[in-house]
Amino acid sequence: MAFKNYLLVCGGTACDSSKGIELTDELRKEIDAAGLKDDVQIVRTGCLGFCEKGPIVKVLPEDTFYVSVKPEDAKELVQEHLVKGRIVDRLLYNHEQGKSLVTVEGIDFYQKQFRIVLRNCGVIDPDKIDDYIARDGYAGLEKALFEMTPEQVIDEVSRSGLRGRGGAGFPTGKKWSFAAAQPKGEKYMVCNADEGDPGAYMDRSTLEGDPHSVLEAMAIAGYAIGASKGYIYIRAEYPLAIRRLETAIEAAREYGLLGEKILNSDFDFDIELRLGAGAFVCGEETALLASIEGNRGMPRPRPPFPAVKGLWDKPTVINNVETLANIPVIISKGADWFNKIGTADTRGTKVFALTGKVNNTGLIEVPMGTTLREIIFEIGGGIKDGREFKAAQTGGPSGGIIPREFLDTPIDFGSLSKIGSIMGSGGLIVMDDTDCIIDIAKFYLEFTVDESCGKCSPCRIGGRKLQNYLSRISDGRGQLKDIENMQKISEAMTRASLCGLGQTASNPVQSSLKYFMDEYLEHINDRKCRAGKCKKLITYTITDKCIGCTVCTRHCPVAAITGTVKEKHVINQARCIKCGICYEKCKFDAITRS
Amino acid sequence: MAKLTLDDLRKMRAEKKQIMALRDSENKDVHIVVGMGTCGIAAGAKATFGAIVDAIAEKGLTNVMVRQTGCMGLCYSEPTVEVVVPGMPPIIYGNVTPEVANEIVEEHVLGKRLLDNLICDKPAIDIMDNKGN
Ligand SMILES: Cc1cc2nc3c(=O)[nH]c(=O)nc-3n(C[C@H](O)[C@H](O)[C@H](O)COP(=O)(O)O)c2cc1C
Ligand code: SF4
Ligand code: SF4
Ligand code: FES
């Protein structure tokens, strides 16, 4: 026999530390006292993603969401909600603001996430076209083909306010209208699934979880611009996504949703996959086109833009996976529906790959205008190990480092560029006080220097120079004038590079110089790295607190520590590789880092 | 399957909606859904999937349908598994090792008790259930 109610009590770290365990005990006691033992099951859960308002209690099946529940509240909760069936208003989220929420379907939603792009991920079987169709799949294509003209489709997309999610945020409707305006004839629709940012996997997950949404969108776009052929450019490193796409294309052809005379209309459209070898620069649209044509993936100057002269010099629209995944919903639910979500600057949602020092790493989708604080502290469950938030990086190697004073900035294309970062494709990396800003900037520069195609000198030479300066500073050989030089080089790269890679490569340097100058100065003037990351700037020493327990000796990977049992140990500085293991292992605080 | 016409597609959508609403024609009223994105598979979702199928066979259950799906977004707790049993709220479990998978079949599906300490929250509201659909 099933229980009547289930009480989910959050057992995440944050909730536990605000008396979550006592609360669970109290609730159990009260339930026993009320004689509900056989009717109600108490279950402890993982973090419910609302740590700032912990402890959280959720009552199922009603789905009532109680916040900041104290052990003293247990009795009222059990008596009122479980015995009498009345909701305890004062414990609901947002009660203070006078707009309490009861359930998910309520006026507002307590869950911060809102899934348009990921609407089917984690819901349908991606290998089953029937599953997709059951969730209103191909309803957008159906509507476009039978109820709308190509102009109306473009108009709908324009009015929705959708901006490209591949990084630059170009209005999608406008891009389509450029290609549509070109004389009739061969045109192409290309999906950019290159996704080269380190730490980003939004597009991969979308393709793996819901491949048909992208196929449907490409067909709609093809109809709108007058193309009958589409290509998906995807990196060969994504085998699962490729396999699922192949299955999906096959199934769509079989159902007549791709191929000739789609659904018996006059519209023909088919899609082929093109596998990329995985160079970051091949995500840039002109390099991507060169790569599809079988040439080396190098950018070329624009104009002419691909919408005018693209694949084999024919008009071509290139859209990102996430941009496309929005399209079927925009067409089937309408621009007015989409328009209500997000901010005036950017409509809709954004998918982020949340990684780094947060408790709940994962793939999230939030309405534009959500703040970093909400993402990191509510959805992300706060910083790992209860440490201090230091900075967040959006936009990967092309983005900027965002310090804590901007935690409450509502995120959209405009606001992020105002604070010196970019939306990018959606990597979001969270750093804590053990991360060194110079080390981070160096990591990204190493990446862009490696990935630069070398065609133009500002990027090729400037990037290398910046990387050298950063290495010098992190090695303790930095000079004050390096900072000025780095600023000059950064500006030159932004202004003079041919493609987005070089133009944005200095963003991590520029933003960190702007917000974390004190850390640069500390490295240069005091030869000090506060995070303990810059190895050349730190020494580990064993002090008199050492009781000779030998733990450090056993853990040192390079046998740099010597000493006899119960006597003070010493570190051979010449051998030490500054891994910090001994520092962490010593139970007596006898090892210092300076 | 022959190529669809507009009417076929519409008819099919209406039919399949019922199946998605878990009123399966084959009388499988319990659904177990395993997240099989790259993240899930890397964390061992294939073994989990196998363990669930084995446990169901071993207990001789005929009313359980096991499906795969993409990433649910809860990558920190992969492999993730959603369990839907009639009369019980739908639940997502995280960190489902093959052992936990056995427990899910034993405790949740057969015993109708939720497992402690393994539940994750549904990450977002579903736009398909919203008005406007
Ligand atoms: C170095 C570099 C890498 C890029 N990588 C990607 C990528 O991986 N995926 C992507 O969609 N766009 C990428 N872009 C942006 C594309 O050039 C292009 O703007 C985008 O695909 C257009 O699609 P959208 O309008 O839908 O955003 C990259 C740009 C540059 C300069
Ligand atoms: S900016 Fe860099 S990647 Fe872009 S064309 Fe120039 S050298 Fe190549
Ligand atoms: S920091 Fe690492 S290498 Fe150096 S002494 Fe300690 S354990 Fe050995
Ligand atoms: S720890 Fe309870 S909501 Fe995060």
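Me: What makes up the shell around ligand 2, by class?
Reply: By class, this shell holds 8 nonpolar, 4 polar and 1 charged residues. Nonpolar covers Ala, Val, Leu, Ile, Met, Phe, Trp, Tyr, Cys and Pro; charged covers Asp, Glu, Lys and Arg; and the others, Gly among them, count as polar. This is a predicted model, in which local features need pLDDT of at least 70 and side-chain atom pairs pLDDT 80 or more, while totals for chains, interfaces and linings use all residues. Residues are numbered from 1 along each chain as its sequence is written, chains are lettered from A and ligands numbered from 1 in the order in which they are written, and side-chain values use heavy atoms, leaving out hydrogens and water.

Me: How many residues surround ligand 2, and which are the closest?
Reply: There are 13 residues around ligand 2, and the closest are Cys453(A), Lys455(A), Cys456(A), Cys459(A) and Cys499(A). A residue is near a molecule or strand if one of its heavy atoms lies within 4 Å of it.

Me: What makes up the shell around ligand 3?
Reply: Its residues divide into 10 nonpolar, 1 polar and 1 charged. Among those around ligand 3 are Tyr540(A), Pro557(A), Lys578(A) and Gly580(A). By the class lists, Lys counts as charged and Gly as polar.

Me: How many domains does chain A have, and where do they lie?
Reply: Chain A is divided into domain 1 (5-91), domain 2 (129-337), domain 3 (349-432), domain 4 (437-525) and domain 5 (539-593), with bounds that come from an automatic or database domain assignment. The C-alpha centres of domain 2 and domain 5 of chain A lie 58 Å apart.

Me: How do you know whether the radius of gyration of chain A agrees with a compact globule?
Reply: The radius is taken over C-alpha atoms, and the globule rule is 2.2 Å times the number of residues to the power 0.38. For 594 residues that rule gives a value near 25 Å, and chain A has 28 Å, which agrees.

Me: What makes S8 and S9 of chain A edge strands?
Reply: The open sheet of 4 strands runs in the order S8-S7-S6-S9 (chain A), with parallel pairing. Strand S8 (270-276) and strand S9 (316-320) each have a single partner strand, so one side of each has no neighbour in the sheet. Strands are DSSP runs (E, at least two residues), numbered from the N terminus.

Me: How do you know how S6 and S7 of chain A are joined?
Reply: Two strands pair if DSSP finds at least two bridges between them. Strand S6 (residues 188-193) and strand S7 (residues 229-235) of chain A have 6 bridges and run parallel, and Val190(A) stands opposite Tyr231(A) in S7(A).

Me: Why is S1(B) called largely enclosed?
Reply: Buried means under 20% relative accessible area, exposed over 50%, and partly exposed in between (1.4 Å probe, protein chains only). In S1(B), 6 of the 6 residues are buried, so the strand is largely enclosed by the rest of the structure.

Me: Which strands pair with S1(B)?
Reply: Strand S1 (residues 30-35) of chain B runs parallel to S2(B), with 6 bridges, and Ile32(B) stands opposite Val66(B) in S2(B). S1(B) also pairs with strand S3 (residues 81-84) of chain B in the antiparallel sense over 4 bridges.
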